[in-house]
Amino acid sequence: MGDIIDGKAFAARLRGEVADGVAAFRAAAGRAPGLAVVLVGEDPASAVYVRSKHKACVAAGMESFEHRLPADTPEAELLALIEQLNADPAVDGILVQLPLPKHIDEMKVIETIDPDKDVDGFTIGSAGRLATGQEGFVACTPLGCLMLLKDRLGDLSGKSAVIIGRSNIVGKPMALLLLRESCTVTIAHSRTQDLPAVVRGADIVVAAVGRPEMVRGDWLKPGATVIDVGINRVPAGDDKTKLVGDVDFAEAMDVASAVTPVPGGVGPMTIACLLHNTLEAAKRREKIG
Ligand code: NAD
């Protein structure tokens, strides 16, 4: 029986460390680190995420600037707001909640964010910095996965890692981070042939697909470490639903040495890493630490 990797407890510790760092930053800089969150439209899931980001910021002693714009906001108006946030000395990090309404070019909006304030790590500048090994911001979800892996395994050098999924926000940055740790990295995706055989070779498996319980226990190498990024809502009988990951948790626990649960694994790390990145951005801007 494998161990459960408790992302919730790790994230709580990280948030505590960030709060201590925020207090030290305040004492040195005479101000709090500030995160601006921009929400366009009324998407209920996005509204929930924005609310939890705001609460987490305040709990860590940071300044949270919320900008809620109506769904029909013209693109030019959103771009002007981002330029204004880029220039605002009280704002260290800028996050635009995705998805944006269809009439707005998402890439154009993201590209307007100053890479030094790109705490979500979504700009081409941030992706380029990660790809070329320069200092920059790494997307919060893969950064959280890496922290869990290093906490569990220590040195990752030489380990073989399979990442299932090649999205710009999870799969690709995850692959680059593990490459930076000197893993031997394979990226699998929807066209990969004989995925179970590919996964069976891995010491580390990161599943970021969005397919409920796709990865089965007999796909795993005994003793592997499994990070499940997927968040899938499935029926649970009596008109109820529940959340499951991309990995069959019970089967994986029988074979792997450690597995992240869903919920309570990778999910809580994402906001904790956002706070971590925002504090980093503030320290870099004020040349502290
Ligand atoms: P995405 O849809 O952008 O990418 C999914 C990837 O999975 C694609 O690259 C695709 O090639 C691959 N894929 C699809 N079907 C496949 C198959 N049958 N076999 C192998 N690969 C296949 O998704 P995403 O944004 O990377 O998110 C992935 C999952 O992670 C989703 O469930 C999402 O909800 C979750 N997620 C969680 C967090 C978090 O905070 N925990 C953050 C981001 C995403």
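Is Ser 182 buried, partly exposed or exposed, and what is its relative accessible area? The tour returns to this residue below. The structure on display is a predicted model.

**First stop: the two domains**

Select residues 30-117, which form domain 1, and then residues 140-268, which form domain 2. Colour the two selections separately. The centres of domain 1 and domain 2, taken over C-alpha atoms, lie 29 Å apart.

**Second stop: helix H6**

Select residues 140-153, the helix H6. Its 14 residues reach 20 Å from the first C-alpha to the last, close to the 20 Å expected at 1.5 Å a residue.

How many of the 14 residues of H6 are buried? The number is 10, and the helix is thus described as mostly covered. Among the buried residues are Cys 140, Pro 142, Gly 144, Cys 145, Met 147 and Leu 149. Display their side chains, and then bring up the surrounding elements. What covers the buried residues of H6 includes helix H1 (7-29), helix H7, strand S7 (204-207), strand S8 (225-228) and helix H10.

Now move to the residue that follows H6. This is Gly 154, and its phi is positive, near 70 degrees.

Select helix H7 (171-180) and strand S6 (184-188); Ser 182 lies in the loop between them. Ser 182 has a positive phi of about 65 degrees, although it is not a glycine. The opening question can now be answered: Ser 182 is partly exposed, with a relative accessible area of 41%. The value falls in this class because partly exposed covers the range between buried, under 20%, and exposed, over 50%.

Select Leu 98 and Pro 99. A cis peptide bond joins these two residues, with omega about 0 degrees. Where does Pro 99 lie? Its place is the loop between strand S4 (93-96) and helix H4 (106-112).

Next, select Val 262 and Pro 263. Here too a cis peptide bond joins the pair, and omega is about 0 degrees. Pro 263 is found in the loop that runs between strand S11 (258-259) and helix H10 (267-286).

**Last stop: Lys 287**

Follow the chain to the segment after H10, where Lys 287 lies. Lys 287 is not a glycine, yet its phi is positive, at about 50 degrees. Is this residue, Lys 287, buried or exposed? Lys 287 is exposed, with a relative accessible area of 74%.

Methods
Residues are numbered from 1 along each chain as its sequence is written. This is a predicted model: local features need pLDDT of at least 70, side-chain atom pairs count only at pLDDT 80 or more; totals for chains, interfaces and linings use all residues. Side-chain values use heavy atoms; hydrogens and water are left out. Domain bounds come from an automatic or database domain assignment. Helices (H or I, at least four residues) and strands (E, at least two) are DSSP runs, numbered from the N terminus. Buried means under 20% relative accessible area, exposed over 50%, partly exposed in between (1.4 Å probe, protein chains only). The expected span of a helix is 1.5 Å times one less than its number of residues. Contact means heavy atoms within 4.5 Å.
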